[in-house]
Amino acid sequence: MARTRKTLEVDTRHIYKPEITQCPHCGAPLGAQRHYQWRKTVQHLDQVVYIASQGKTCGNPQCRHHGQVYSAAAAQMETLPGCTYGLDVIVQVGWWREPEHLNRQQIHGRLQARRVQLSEREVDHLYPHYQVLRACAERLDTQRLETLVGERGGLIISLDGLAPEGATEQLWVVREVQSEVVLVVGWLARVNHETLAALLQPVVDLKLPILATLSAKEGCVQKALTTVWPDVPHQWCQAHYLGNALKPLYARDSALKTELRQQIRAAVRDSLGEVLSDSVESVFSPSVGGRAGGI
Ligand SMILES: [Zn+2]
């Protein structure tokens, strides 16, 4: 059945809070803001999620950075600003469009097969999102980051990756969490602490102070971050992003199981009906000899 965006049913609701719980400057516990920084409904390849990002601030009036808002890195990895499709959808479209050379119609068909609600025309809007994401790797806005350091005392860096379905490489994203700026993006054929450290190198070369690093709980990711910035505190993020790569496979597997079950049911419905009616007859008809012949 064709569905419109108005019929989106939310599968999960997630309120993200900053991974950092203490002010990186004075050590005071951060307090949650009463309002959300942003909230929206996002379509992923496998589900529709209502996401809200709740910021936290340092409540210590003596702190030089009192009142400055800290955000959740994990929320920023769900989607891109101005977009209501998940980053997994955007990157998947990029993979299908570029290395696989699928056209708009084919990509639309594949997304529809995963129950992503969008028109063919909207596929054309998703690809530029991917291109913008990739373009970030080519222009590191040093001046903006220096200004940010002046205001916030340093950068908070997150590192996270995504493995699109059918892809032989993973897309890794380095982000400055306070400003939500994507710093570096790269496809990696091999993911280990060395290739990840190489990806981080342009950020290291900025020689700007780093307040903290954030990543999913992957050994090589933490090793890359602590190798590059050994003295910077590291904090785990919610490991939702790489995990997303597995969800479409799981969802497809579940869909196949449902389809298979329906096919089997349809195929055996008539004979099952006959068997059932025979069984009923055999139980209730003394002429068949009661249950002696039952299984
Ligand atoms: Zn503080």
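1. At roughly what angle do the axes of helix α6 and helix α7 cross? In this predicted model, local features need pLDDT of at least 70 and side-chain atom pairs count only at pLDDT 80 or more, while totals for chains, interfaces and linings use all residues. Residues are numbered from 1 along each chain as its sequence is written.

2. The axes of α6 (residues 193-204) and α7 (residues 219-228) cross at roughly 40° and come within 9 Å. Axes are lines fitted to C-alpha atoms, for helices over the stretch in contact, with angles from 0 to 180 degrees between N-to-C directions. Helices (H or I, at least four residues) and strands (E, at least two) are DSSP runs, numbered from the N terminus. The angle therefore makes α6 oblique to α7 (under 35 degrees is roughly parallel, over 145 roughly antiparallel, 65 to 115 roughly perpendicular, the rest oblique).

3. From α6, the contact is made by His193, Leu196, Ala197, Leu200 and Val204; from α7, by Cys220, Val221, Lys223, Ala224, Thr227 and Val228. Contact requires C-beta atoms, placed from the backbone, to lie within 7 Å.

4. Strand β8 (residues 170-176) runs antiparallel to β9, and seven bridges join them. Glu176 has Val181 of β9 as its bridge partner.

Methods:
Two residues are in contact if their C-beta atoms, placed from the backbone, lie within 7 Å. Two strands pair if DSSP finds at least two bridges between them.
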